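Hello,

Here is the structure we talked about. Please open it first, then read my notes below with the chain in view.

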Amino acid sequence: MPERISVFGTGYLGATHAAGMAELGHEVIGVDIDPAKIDLLRRGEVPFFEPGLSDVLRRHVESGRLRFTTDPQEAADFADVHFIGVGTPQKKGENAADMRYVDAVIETLGPLLTRPAVILGKSTVPVGTAARLADRLRDIAPVGDDAQLGWNPEFLREGFAVQDTLFPDRLVIGVDPQRPGRIEEAARRVYAAMLERDTPFIVTDLATSELVKVSANAFLATKISFINAIAEVCEASGGDVIALADAIGHDERIGRKFLGAGLGFGGGCLPKDIRAFMARAGELGVDQALTFLREVDNVNMRRREHAVELATRVVGGSLSGIHVAVLGAAFKPQSDDVRDSPALDVAGSLHLRGADVRVYDPEAMRNAAAIWPTLTFADSIDDACRGADLVIVATEWGEFKTMDPVVLAAAVGSTRIIDGRNCLPSQEWIDAGWDYYGMGRHSG
Ligand code: UGA
């Protein structure tokens, strides 16, 4: 049975969720305060790069099953289930998450709820937020107790957002056990197609559901920083972190995924989520429990510095006037997101140290230029690398992984390459005459 759904927020999370819900057969209205974004979405255009999303979006905008508005009243009148998919960025100058956008959805939607409604929060929030919002909602909604709020954290990865939305590996629904209401039932109706496929469906209290999300991201961040810490030891001792990760990854308890050593993690989630988690633990008086995350953050940030130091060393001690081609600006491939991107951070640091940096990224150039207008942006790999004294691969896009070392050798000024993501076939580059520097490898 199709449900009538609204999704507040049309960023990476909200737009994908709205399109995904339409794909599941529901009738969906997406809401955002940004009229320019809504105009694009109404035309079936996605305001950011996410593989496969524009097809799904366009299909359902055309069928009429998916529409967009800036008017919350329209959503309140139309939908029975409302999702919150707005951002919770890091506060300026603080570790804590900025809750203003999530709070604004409740403050706006609550007073418009004149008939029973279920609200499911998807945004990543500090533990305790859902209980606070549920109370507030009951106070301000004309339907009172019939405005019921649960938490349904999202685990999608950018670059795989459509796939992760339609085929999640688990569904988590947080409900206040004192007031279960109709929340679980509503979630079961919305996600019926996934439940038929036996997708694990975990119902918890509100606090646990919020903690599941931040714990998952904290664990992933820890795994990446673990291997990057080991990479530092490899660099100092002559070990090879790739062989090491392969070997420990065979242990099923450890697993090979997220043991990719390199420039470390970035993006709009992992960095700010571990910081917000530490900040919240501090408020709860258990900051010691998460002190290790400070080290996870430190190891991660050191990777960027290490890359800049390595670059300085391999060009002979000074970056002044050195032409460096930085391949990649996005925080990871299949994304145009440059939020807290290690690639862009490295490019910016090299530039500040006097290097003539030329950046090329297949998708993220516009976003990168908005943050770092003083960098030079090239149109292609060749354009970035022509005459370069050093090439740095900072994001593992497919087109970088398959570059021909022989062809590129003829274009650059000096055949030196730093593989910041350990994504190149190193032996081929060495055989083609390049000085190859990996991360956590003999040469790095
Ligand atoms: C992350 C989580 O993986 C999702 O499950 C979660 O839903 C999402 O955050 C979120 O909270 O919204 P995402 O930020 O899209 O997803 O990206 P990841 O694939 O997790 O990669 C994060 C960063 O870690 C990237 O910069 C990537 O290059 C880096 N990384 C990843 C490594 O440095 N090494 C690895 O082995 C894996």
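D340 and R275 form a salt bridge, with their closest N and O atoms 3.7 Å apart. One thing to keep in mind: this is a predicted model.

The D340–R275 pair links distant parts of the chain. D340 sits in the loop between strand 9 and helix 14, R275 sits in helix 12, and 65 residues separate them. Is R275 buried or exposed? R275 has a relative accessible area of 11%, so it counts as buried, the cut-off being under 20%. D340 is partly exposed, at 27%. The contact does not stand alone. Salt bridges that share partners join R275, D297, R304, D340 and D345 into one network.

Why can such pairs form at all? Side chains of opposite charge can pair when their charged atoms come close.

How many salt bridges does a search of the whole structure find? It finds 35. Here are two more to look up.

- R302 and E232: the closest N and O atoms are 2.9 Å apart. This pair also links distant parts of the chain. R302 is in helix 13 (residues 291-314), E232 is in helix 10 (residues 206-237), and they are 70 residues apart. R302 is partly exposed, at 34% relative accessibility. E232 is partly exposed too, at 25%.
- D32 and K37: their side chains meet in a salt bridge at 3.9 Å, N to O. D32 is buried, with a relative accessible area of 11%. K37 is partly exposed, at 24%.

Now the backbone. Most residues other than glycine have a negative phi. Two residues here go the other way.

D340 comes up again. Its phi is positive, about 45°, although D340 is not a glycine.

Where is F258 found? F258 is in the loop between helix 11 (241-249) and helix 12 (270-283). Its relative accessible area is 39%, so F258 is partly exposed: that class lies between 20% and 50%.

Best wishes

Definitions and conventions:
Residues are numbered from 1 along each chain as its sequence is written. This is a predicted model: local features need pLDDT of at least 70, side-chain atom pairs count only at pLDDT 80 or more; totals for chains, interfaces and linings use all residues. Side-chain values use heavy atoms; hydrogens and water are left out. Helices (H or I, at least four residues) and strands (E, at least two) are DSSP runs, numbered from the N terminus. Buried means under 20% relative accessible area, exposed over 50%, partly exposed in between (1.4 Å probe, protein chains only). A salt bridge is a side-chain nitrogen of Lys or Arg within 4 Å of a carboxyl oxygen of Asp or Glu.
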